[in-house]
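Please look at the sequence and the model before reading on.

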Amino acid sequence: MGLSTGSKVIIAANKATPEELALALPARELTVNGTRYRLDVKLSKELLPHTRDAIWNILVTNMRDLRVYKASSLKWKPAAKKKEIFNRLSRFVLVFSEEEDAERLVAYTIFRFEHEDDFDILYCYELQVLQEAQRRGLGKVLMEQLVSVSKTWKIGKINLTVFLSNPGALKFYKTFGFVLDETSPGYGGEENEDDYEILAMPTS
Ligand SMILES: CC(C)(COP(=O)(O)OP(=O)(O)OC[C@H]1O[C@@H](n2cnc3c(N)ncnc32)[C@H](O)[C@@H]1OP(=O)(O)O)[C@@H](O)C(=O)NCCC(=O)NCCS
């Protein structure tokens, strides 16, 4: 299985500025139940320290409470996880709630443009919504942004990894039409001896 920055499509997408990526977002602002939200796109190197901390804290709280890593074969390795999510090729779509005169990060997705086994892929590394903001449609909004970015940059599909011990996320992804990727354990009716699946959704 070969991972590289490969194809012309992926090289061009990886050169895109956040402003160019943001042009693909169908929504930059939205209001849900009276709360206003603002969406922003950032490269890893542009994140302010307090935004990095907020990204990390939402991830830790969500995954700790889900006991997802505790139950998984991958184990929770904070240093390696930080290195993965803040990789220089990571791109972030951030959702801030606008509360009185302050803004707060309430949801985000982290993705990378990758070329693997002759496919151009938008790989979604994280999709996280603050617990108190879940089930208000913010996850759906973020997924719609990823689909639009993928289509705009002519990427063939979105991939992501989900733990089997996370039934809420599995249901969420199924509502978008994600299916088992051919690279996933368990593909083609084989027994899945791992505790995760790789899901895919075509975007071309
Ligand atoms: C999974 C997650 C991103 C979904 O985001 P969200 O903003 O809560 O989801 P939405 O409100 O956009 O849900 C859209 C639809 O997905 C389905 N869905 C979402 N969460 C669900 C859950 N926990 N159980 C069952 N279905 C769910 C529902 O059909 C929902 O529509 P409905 O609320 O009208 O019934 C969010 O719950 C989360 O951050 N969870 C913790 C972190 C995590 O597991 N991330 C994924 C890692 S792979």
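## Report on the predicted model

Thr17 has a relative accessibility of 31% and therefore counts as partly exposed; under the convention used here, buried means under 20% relative accessible area, exposed over 50%, and partly exposed in between (1.4 Å probe, protein chains only). Thr17 is found in the loop between helix 1 (8–15) and helix 2 (18–22). Helices (H or I, at least four residues) and strands (E, at least two) are DSSP runs, numbered from the N terminus. Thr17 and Leu89 are 72 residues apart along the chain, and their C-alpha atoms are separated by 12 Å.

This is a predicted model, in which local features need pLDDT of at least 70 and side-chain atom pairs count only at pLDDT 80 or more, while totals for chains, interfaces and linings use all residues. Residues are numbered from 1 along each chain as its sequence is written, and side-chain values use heavy atoms, with hydrogens and water left out.

### The chain as a whole

The protein chain contains 6 helices and 9 strands. Its radius of gyration is 17 Å, close to the 17 Å that the globule rule gives for 204 residues, so the chain is as compact as a globular protein of that length. The radius is taken over C-alpha atoms, and the rule is 2.2 Å times the number of residues to the power 0.38. Along its principal axes, the C-alpha trace spans about 55 × 40 × 30 Å.

Of the 204 residues, 48% count as buried. The chain exposes about 11,100 Å², and carbon and sulfur atoms supply 52% of this area; such areas come from the Shrake-Rupley method with a 1.4 Å probe, and for residues only the protein chains shown count as cover. Among contacts (heavy atoms within 4.5 Å) with a separation of 6 or more, 64% join residues 24 or more positions apart.

The largest nonpolar core has 57 residues, and those with the most contacts inside it are Ile55, Phe113, Leu138 and Tyr173. Such a core is a set of buried Ala, Val, Leu, Ile, Met, Phe, Trp, Tyr and Cys residues joined through side-chain atoms within 4.5 Å. Not counting residues up to four places away in sequence, Leu138 touches Leu30, Tyr37, Val95, Val106, Ala107, Val129 and Ala133.

### Strand pairing

Two strands pair if DSSP finds at least two bridges between them.

| Strands | Sense | Bridges |
|---|---|---|
| Strand 2 (residues 29–32) and strand 3 | antiparallel | 4 bridges |
| Strand 3 and strand 4 | antiparallel | 8 bridges |
| Strand 4 (residues 91–99) and strand 5 | antiparallel | 9 bridges |
| Strand 5 and strand 6 (residues 119–129) | antiparallel | 10 bridges |

Individual bridges can be located in the model. Glu116 stands opposite Phe119 in strand 6.

Where does a positive phi occur in the hairpin of strand 2 and strand 3? Asn33 takes a positive phi near 50° in that hairpin, which has 2 residues between the strands. The hairpin of strand 4 and strand 5 also has 2 residues between its strands, and there Glu100 has a positive phi near 45°. Strand 5 and strand 6 form a hairpin with 2 residues between them, where Asp117 in the turn has a positive phi of about 50°. Asp118, found in the loop between strand 5 and strand 6, has a positive phi of about 70° although it is not a glycine. Asp118 is exposed, with a relative accessible area of 71%.

### Strand 5 and Thr109

Is strand 5 largely enclosed or largely open? Of its 15 residues, 12 are buried, so strand 5 is largely enclosed by the rest of the structure. Thr109 lies in this strand (residues 102–116) and is buried, with a relative accessible area of 0%. Thr109 is the bridge partner of Val93. A polar atom of the Thr109 side chain lies 2.8 Å from the backbone oxygen of Glu126. Leaving aside neighbours within four places in sequence, Thr109 is in contact with residues including Arg91, Phe92, Cys124 and Leu142.

### Two further loop residues

Ser44, in the loop between strand 3 (35–43) and helix 3 (49–66), counts as buried at 5% relative accessibility. Lys154, in the loop between helix 5 (138–152) and strand 7 (157–163), counts as exposed at 66% relative accessibility.

Notes:
A polar contact is a pair of N or O atoms within 3.5 Å; within protein, one must be able to donate a hydrogen and the other to accept it, and residues adjacent in sequence count only if both atoms are side-chain atoms.
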